[in-house]
Amino acid sequence: MKVDGKHFRSIWRATDGWSVGAIDQRRLPHEFVIARLTNCAEAAEAIRSMLVRGAPLIGATAAYGMALAMRDDRSDGAIDRAYQMLIATRPTAINLKWALEEMRRMLLPLPPSARSDAAYARADDIADEDVDINQGIAKNGLALIETIAAKRPGEAVNVLTHCNAGWLATVDWGTATAPIYLAHDRGIKVHVWVDETRPRNQGASLTAWELGHHGVAHTVIPDNTGGHLMQHGQVDLAIVGTDRVAANGDVCNKIGTYLKALAAHDNGVPFYVALPSPTIDFTVADGVTQIPIEQRGGEEVTHMTGATRDGRIETVRIVPEGSPVANYAFDVTPARLVTGLITERGVLQADRASLSAAFPERIATAAE
Ligand code: MRU
């Protein structure tokens, strides 16, 4: 997508042909900083520290991390060490494991001499495939927005979204935002309610930033506001992303998504989840009980970072010293609360039969 008129992906192979460039998302929205990753450890730290975040981008970064590892050492041991280093970064987004399995499956049969080039080529492909998939999601989700727009010509279609499932969370286009960008580019009036998404504020700092750069109308709201807006008919549909979808259609996403789904259900607001197929985990039968939920450091809750009046970036404490905090990063929305899954192969029911029928090849891979 465009930043001040210049096209950017969230991650790319640099012009030197081996290092990896990525937008440092921890510095947004106040500073636009490009990071340069030069080895596997830096790629792993970029994922752990959330320099890069969002399930599809975590997968793409892991693939480039493996390529950087192969540049330094092409042995079987190096593949395994890189796999272990990268898989240990964050537990919930399944795209991480998907990408590492893809890379390992491709690299192991190759002679070491061929592994570095092959790893870079596959990582580039994974990045390009992500963009193609998201454009498919855009087209399949567009119809949902068009249907509502047609009923109320000239009025904005009000979409609520949670966290950042935008182009910053993928390689480009985003998942939940993809239909929104396409509708906007097609001249359909769209307005987005953007949940701030405590404690790291991915909505307020990232989704608002990217929608603003694309000229999409939006309003940032505290996380607890969505239910009230739904009760008063100000939300036409909700579209969120996901870090892992179980075989039964349960959806894991940023903490707070489950509460939004409950409010949507209670008010008859359609609740859609946009996802690329690498985010489906057919090895998990029941999402609510089986998906590992990341718990992150308490300082993300006790402190907040922002810009002072004179533009300095500062972090301040907002919770009393000594008060214990808990920081669950994700929750699981049961399939029964999901109106549909917007994928690159269509809008599906959130159930095993629909997911299996749409992605039979993924079941085979999961069984291996
Ligand atoms: O902790 P984060 O910022 O990585 O969480 C991101 C989300 O929950 C996104 O909604 C999800 O990864 C989908 S991104 C297309």
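Trainee: How much space lies in the largest pocket?
Mentor: About 680 Å³. Bear in mind that this is a predicted model.

Trainee: Which residues lie nearest the centre of that largest pocket?
Mentor: Arg 26, Arg 200, Asn 201, Met 304 and Thr 305, out of 28 residues that line the largest pocket. Two or more lining residues come from each of α7 (202-214), α11 (299-302), β14 (303-307) and β15 (313-317).

Trainee: Which element gives the largest share of the lining?
Mentor: β14, with five residues.

Trainee: And how do the lining residues of the largest pocket divide by class?
Mentor: There are 10 nonpolar, 10 polar and eight charged residues in the lining of the largest pocket.

Trainee: OK, the second largest pocket. How much space is there?
Mentor: The second largest pocket holds about 300 Å³. Its lining has 13 residues, and those nearest the centre are Lys 97, Glu 101, Thr 283, Thr 365 and Ala 366.

Trainee: Which elements supply at least two residues of that lining?
Mentor: α4 (95-107), β13 (280-281) and α13 (360-367) for the second largest pocket. The largest share is from α4, at four residues.

Trainee: What about the classes in the second largest pocket?
Mentor: Six charged, five nonpolar and two polar residues make up the lining of the second largest pocket.

Trainee: Switching to cavities. How many are there of 30 Å³ or more?
Mentor: Three cavities reach that volume. The largest cavity has about 190 Å³ of space. It is lined by 23 residues, and Arg 53, Gly 54, Ala 55, Asn 164 and Asp 243 are the closest to its centre.

Trainee: Which elements give two or more residues to the lining of the largest cavity?
Mentor: α2 and β11 do. By class, the lining of the largest cavity has 10 nonpolar, nine polar and four charged residues.

Trainee: Where does the ligand sit?
Mentor: In the largest cavity. The elements that give two or more residues to the shell around the ligand are α2 (55-72) and β11 (251-254).

Trainee: How many residues surround the ligand, and which are the closest?
Mentor: 18 residues surround the ligand, and the closest are Arg 53, Arg 90, Asp 243, Asn 253 and Lys 254. That shell has seven nonpolar, seven polar and four charged residues.

Trainee: Where is a polar side-chain atom of Asn 253 relative to the ligand?
Mentor: A polar side-chain atom of Asn 253 is 2.6 Å from a ligand oxygen. For Gln 202, a polar side-chain atom is 2.9 Å from an oxygen atom of the ligand. With Ala 55, a polar backbone atom is 2.9 Å from a ligand oxygen.

Trainee: And how much of the ligand's accessible area does the protein cover?
Mentor: The protein covers 100% of the 410 Å² of accessible area that the ligand has on its own.

Trainee: Back to the second largest cavity. What volume does it have?
Mentor: About 100 Å³. Among the residues that line the second largest cavity are Pro 56, Trp 98, Ile 126, Glu 129, Asp 130, Pro 276 and Pro 278.

Trainee: Which element gives the most to that lining?
Mentor: α5 does, with four residues in the lining of the second largest cavity. At least two residues each come from α2, α4 and α5 (112-151). By class, the lining has seven nonpolar, two polar and two charged residues.

Trainee: Where is Pro 199 found?
Mentor: Pro 199 is in the loop between β7 (190-195) and α7.

Trainee: What is the phi of Trp 173?
Mentor: Trp 173 has a positive phi, about 75°, and is not a glycine. The residue is placed in the loop between β6 (157-161) and α6 (178-185).

Trainee: Why list those separately?
Mentor: Because most residues other than glycine have a negative phi, and most peptide bonds are trans.

Terms used:
Residues numbered from 1 in each chain as written. Predicted model: local features only at pLDDT ≥ 70, side-chain atom pairs only at ≥ 80, totals over all residues. Heavy atoms only, no water. Near = heavy atom within 4 Å. Polar contact = N/O pair within 3.5 Å; in protein donor to acceptor, adjacent residues only side chain to side chain. Areas by Shrake-Rupley, 256 points an atom, 1.4 Å probe, with all protein chains shown as cover. 1 Å grid on protein atoms, 1.4 Å probe; cavity = no way out; pocket = protein on both sides within 12 Å on 5 of 7 lines; lining within 4 Å. Sits in = over half its atoms within 2 Å of the grid points. Nonpolar A, V, L, I, M, F, W, Y, C, P; charged D, E, K, R; others polar. Points joined across faces, edges and corners; volume = space filled by probe spheres on them.
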